[in-house]
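This report goes through a protein model with a ligand. Please look at the sequence and the structure before reading on.

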Amino acid sequence: MTEKTSRASGEEAARTSTSAAASNAPVILSNEAGSFAWGVLAKRHPALVQQVRDAFPYSRRQHEALDALLDEITNGVVEPLAPAERDHERWAVSGQEHFGRSWYDAPFLWAESYFYRRLLGAVGYFGTGPWRGVDPFAPFKKAELGGDAVEEELRALDALANVPAEERATALVQASLWGNRADLGFRVAAGGPEVGDTAAPALVADDSVLLWQLLPVGAGSTVAVVADNAGRELIPDLILIDHLLEQRHADRVVLHVKPYPYYVSDAMTADVVDCLRRLVEAPGEAGRIGGRLWKAMAAGTLEVRTHPFFCAPQPYGEMPEDLRGEFESAALTILKGDLNYRRLVGDQLWDATASFADLTTYFPGAVAALRTLKSDVIVGLEEGTLDALERSGDAWRTSGTHALIQVRQ
Ligand SMILES: O=P(O)(O)OC[C@@]1(O)O[C@H](CO)[C@@H](O)[C@@H]1O
C-alpha cells in the first residue's frame, strides 16, 4: 500500500471500486434456494416482521402496513417508496433496476437494506404521527442490555483491571471482536446459533500486531470506530475505546453510528447513551470506565457521529466525499461487524484468498475489520487456512463460529 493509494482521491476511489465491481466475482443475490442470502429473505425477514408486530401495541393502520409488506416480500415484487417520502429520490435511483421485480433478484445488500427502510416506513418511524422515531427494535436491545450476560461481562472487567496493559489490550480487542457474535438480527431465524453454544471459536486471520503498530502511544492520533451492534457488542467496543484513550493510543476517538434503526440491533446514538448509562451505573471497574467515557464525551475526546451513508445499500467504495474526509483524517478506521465487512470488500463471492489489501486500496487511510463470519463474503485467507476450514465440514462462513482481524495500513 503506497502513500499515494492510501490517500486516493474520490475519483481514484471510484475507479478502484468500479474495477472491483467489474471483476468476475459475482455480486451476491438471494435467488438461489437454500443459500444463506435466500434464507435471510425467505425466513429471517418474515420472522422479523412478526417479532416487531408482537413487540408493540400497534394500531390497525400499522398492522395493515406490516401485512402489506409481508405480502410484498413473500409473494410480490419490489415496490418503490411513496413520492412524498423524504428519501424517495435516493431510493428511486438505487432501486430503479429492482422495482417491479422479485426481491430475490436484487443484490442481497440492496434488498436487505431496503427491507429495513420499508419496515421502518410501515411502523411510521419516518412519519409525522406519534410513532415517529419509535425504534421498533428497542425492546430487543433493551432486553439484551438488561440481561445476565451483560451483567457477567461487566463483572469480569474487575479481573482485568490490574493486568499489564499489553495483555489487557489483547483481551479487549478479543472482547470487541467476539462481541460481534451477539447480533440480534442473527438470532431472529430459527437455527441461528446462540452465543456460546458452538465449538471453540477460531480466528481465521489475525493482523492484530499490525493494528497495534498503527496506534503507537503518544502519537496524538484520531481513531474512527464504525460501530455495528448495540448492547453486547457496543459495550466491549466502548471499553476498548476507553483503553485507547487511557493508554494514549489515541487522543480522540470518533464513534460512528447508524442514523436510524437497522439490521435489528445496529447501534444509534440512543444506544450509545443506554450503554454508557449501563456502564456508569455498574459497580467496580465497569463503572470507572463508564465515568471516564462520560467525561470523554464532554471533553470531546470521544465524539459520536452519524451519516446517512451508514444505512445506504452501497459498498464503501461509493462513499460520499464528506465521509471519505472523515476517514482520511483518522490514523486508523476500525470497521466492526459483518455488514461493514461486506460493504468494505464488496458483497461479492470473492476467491477467499483474494488480497484484502488490494480490495481495500480505495479506502481513505488505514483500515481494520473486526468481524465474526456471518455471511458468504470472505477474502484474505491463507491457502492452508481455507483448506482446513473447507475440510471441517462446518458452515464456517455463516455460522458466527469464526472471526477475523484484517488490517490494511
Ligand atoms: O453486521 P453484523 O451485525 O455483524 O451482521 C449482520 C448480519 O447478521 O446480517 C446479515 C443477515 O441479515 C448478514 O449478512 C450478517 O451476518
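The sections below cover the domains, the ligand shell, the sheet and a group of helix contacts.

## Model and conventions

This is a predicted model, in which local features need pLDDT of at least 70 and side-chain atom pairs count only at pLDDT 80 or more, while totals for chains, interfaces and linings use all residues. Residues are numbered from 1 along each chain as its sequence is written.

## Domains

The protein chain is divided into domain 1 (3-8 + 139-408) and domain 2 (28-134), with bounds that come from an automatic or database domain assignment. Taken over C-alpha atoms, the centres of domain 1 and domain 2 are separated by 27 Å.

Across the boundary, 18 residues of domain 1 are in contact with 19 residues of domain 2; contact requires C-beta atoms, placed from the backbone, to lie within 7 Å. On the side of domain 1 that touches domain 2, the residues divide into 12 nonpolar, 3 polar and 3 charged. In this classification Ala, Val, Leu, Ile, Met, Phe, Trp, Tyr, Cys and Pro count as nonpolar, Asp, Glu, Lys and Arg as charged, and the others, Gly among them, as polar.

## Ligand shell

Domain 1 and domain 2 both give residues to the shell around the ligand, so the ligand lies between them. There are 15 residues around the ligand, of which Gly337, Asp338, Leu339, Lys374 and Ser375 come nearest. A residue is counted as near if its C-beta atom, placed from the backbone, lies within 6 Å of the molecule.

Helix H3 (36-55) and helix H16 (337-345) are the elements that give two or more residues to this shell. H16 gives the most, with 3 residues. Helices (H or I, at least four residues) and strands (E, at least two) are DSSP runs, numbered from the N terminus. By class, the shell around the ligand has 4 nonpolar, 5 polar and 6 charged residues.

## Sheet

An open sheet of 7 strands has mixed pairing and the order S1-S7-S6-S5-S2-S3-S4, where two strands pair if DSSP finds at least two bridges between them. Strand S1 (202-206) and strand S4 (302-306) stand at the edges with a single partner strand each, so one side of each is left without a neighbour in the sheet. From one strand to the next, the twist averages 15 degrees.

Val253 has Leu302 in S4 as its bridge partner.

Helix H12 (residues 234-246) and helix H14 (residues 284-299) have axes that come within 10 Å and cross at roughly 70 degrees. Axes are lines fitted to C-alpha atoms, for helices over the stretch in contact, and angles run from 0 to 180 degrees between N-to-C directions. H12 is therefore roughly perpendicular to H14; angles under 35 degrees count as roughly parallel, over 145 as roughly antiparallel, 65 to 115 as roughly perpendicular and the rest as oblique. Leu238, Ile239, Asp242, Leu245 and Glu246 of H12 meet Ile289, Arg292, Leu293 and Ala296 of H14, a set with 6 nonpolar, no polar and 3 charged residues.

The axes of H12 and helix H13 (residues 269-280) also come within 10 Å and cross at roughly 70 degrees. The H12 side of this contact is Leu234, Ile235 and Leu238, and the H13 side is Asp271, Val272, Cys275, Leu276, Arg278 and Leu279. These residues divide into 7 nonpolar, no polar and 2 charged. The axes of H13 and H14 come within 6 Å and cross at roughly 135 degrees, and the two helices are therefore oblique to each other. Leu276, Leu279 and Val280 of H13 are in contact with Ala286, Gly287, Ile289, Gly290, Gly291, Leu293 and Trp294 of H14, giving 7 nonpolar, 3 polar and no charged residues.

Definitions and conventions. Two residues are in contact if their C-beta atoms, placed from the backbone, lie within 7 Å.
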